[in-house]
Amino acid sequence: MSLLDTRVPAVLLRTDRNPFHHGTLGAVRSLGRAGVEVHVVADSTGSPIRRSRYVHHMHSPPPPQASAQQILAVLRRVAGRVGRPAVLVPLDDATAIAAGRLRDDLAPSYLLPEMPATLAERVADKAELAAVCAAADVPHPLTLVPDSPRQAADDAHRLGLPLVAKWSRPWLLPARGGLRSTQLVHTARQARELHARTAEAGSPLLLQAYLPPGEDRDWFFHGYADRTGTVRAGGPGRKQSSWPRGAGLTAVGHWTPNPEVRALAELITGELGYRGVFDLDFRRCGTTGGYHLLDFNPRPGAQFRLFADSAGLDVVRALHLDLTGRPLPDGDPLAGRSFVVENYAPFAALRTAPGGRELAWYARDDRAPGWAMWALWACHVSGRLRQRLGTAVSVPAPRPVPRAVPGAVPPAAPRAAAPSPTLPTDNEKASS
């Protein structure tokens, strides 16, 4: 007998077009292995996910930055194809926010946790999160919201350089234009120039005190708050390596007991009355040793499968069980278990893992997505290299000037062509 109610299908929803979103594949496998019929509403162009044996059907998604009404129209179309009530699993912030607001409109076709309609939006908004942490007495880096470019420069000096710049609502950022959800700022001029692009970004700019990375400083917590508010499944994890290094998504993570991180997760979800899956990012301050909450993602994090316990429970299965009225089993934490994203940490994927390990892409019972990922990744990397080399060749040589370096490339050219050294976008991050 299956742990889950296999009569109730699941619909996974994502609007961003990142083909390397391994969290989607994790959700497909988690539910599919339990016998649940899995429908995926996401862009399938070149995606390895559509190769999974556990995908029942791929559906065309809403466009990036779709309105709530566009998302509702797509979900109603999918509901007509599915033909019976399904558990809805949003996999990015934009769809989690829309699902919260549309909960009444989506019933009875979709099952969703009961919580305030705007709560997902409130915690995903970086400016709102700072206020939430202050009210709940949860440590959070000092955050300022400048109201002008000049104020941004002044605030940069007040906070100290370098600092972190974030757009309050990163899901509103245009797909093109070079704006990133989060980046490290080294000068007051950079802060001023970023603020000048506020209209383009679609949300306010935040400047935040920088907590330097270091060994044993980056942590995350994945959990599921059930209908009573009790945090179930999931657990605390330590980020061993990231991509890009020191500031990006988790490339290698370990399930590591940490009572302080767990207590903070339970404190903030309890104060908010949060229900459903969540993914929190923390950074430990090297000076005080305290853990600061950096991000609250109201949906599964990409590495949620790290926290599959001895009963086979993870946060996505917990969601399905709770919404279908089934009890959640009490499994034992598998501390020491690791999670590796092969394309970002290929050597780590080859090392032995005494505590157990799950790979993001390869699985013995579902090999096709792993092979497809490597083919797609090779094309992606070679394409980026060709772009860099091609741009460098095509840029006209500068006019001769005194003491000029022969063949020098204007400063703006490499910045547009080279992969950005700043923090990844939300799409690249796929959460923590």
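In which strand is Thr250 found? In this predicted model, Thr250 belongs to strand E12, which covers residues 249–255. With a relative accessible area of 2%, Thr250 is buried. Its side chain has a partner: a polar contact of 3.3 Å joins the side chain of Thr250 to that of Gln303.

Strand E1 comprises residues 10–13. Ala10 and Leu12 point one way from E1, while Val11 and Leu13 point the other way, and all of these are buried. E1 pairs with strand E4, residues 86–90, in the parallel sense over 4 bridges; here the bridge partner of Ala10 in E4 is Val87. E1 is also joined to strand E2, residues 38–41, by 4 bridges, and these strands too run parallel. On that side, Ala10 has Val38 as its bridge partner in E2. Between E1 and E2 the chain passes through helix H1, residues 22–33, and this β-α-β crossover is right-handed.

I now come to an open sheet of 4 strands. Its order is E6-E9-E7-E8, and the pairing is antiparallel. Which strands lie at the edges of this sheet? They are E6, residues 143–144, and E8, residues 182–185, each of which pairs on one side only. Within the sheet, strand E7 (residues 163–167) and strand E9 (residues 205–209) run antiparallel and are joined by 5 bridges. Ala165 stands opposite Leu207 of E9.

Two helices pack on this sheet. Helix H7, residues 149–159, touches E6, E7 and E9, and its direction makes about 15° with that of E9. Helix H8, residues 188–195, touches E7, E8 and E9; the direction of H8 makes about 145° with that of E8.

Finally, I would like to consider Trp377, which has its place in helix H13, residues 368–394. Is Trp377 buried or exposed? Its relative accessible area is 13%, and because the cut-off for buried is under 20%, Trp377 counts as buried. Which residues is Trp377 in contact with, leaving aside its neighbours within four places in sequence? They are Phe20, Asn343 and Tyr344. For Asn343, 34 residues from Trp377 along the chain, the separation of the two C-alpha atoms is 7.3 Å.

Terms used:
Residues are numbered from 1 along each chain as its sequence is written. This is a predicted model: local features need pLDDT of at least 70, side-chain atom pairs count only at pLDDT 80 or more; totals for chains, interfaces and linings use all residues. Side-chain values use heavy atoms; hydrogens and water are left out. Buried means under 20% relative accessible area, exposed over 50%, partly exposed in between (1.4 Å probe, protein chains only). A polar contact is a pair of N or O atoms within 3.5 Å; within protein, one must be able to donate a hydrogen and the other to accept it, and residues adjacent in sequence count only if both atoms are side-chain atoms. Two strands pair if DSSP finds at least two bridges between them. Contact means heavy atoms within 4.5 Å. Axes are lines fitted to C-alpha atoms, for helices over the stretch in contact, and angles run from 0 to 180 degrees between N-to-C directions. A crossover is right-handed if, with the strands pointing away from the viewer, the path from the first strand over the helix to the second runs clockwise.
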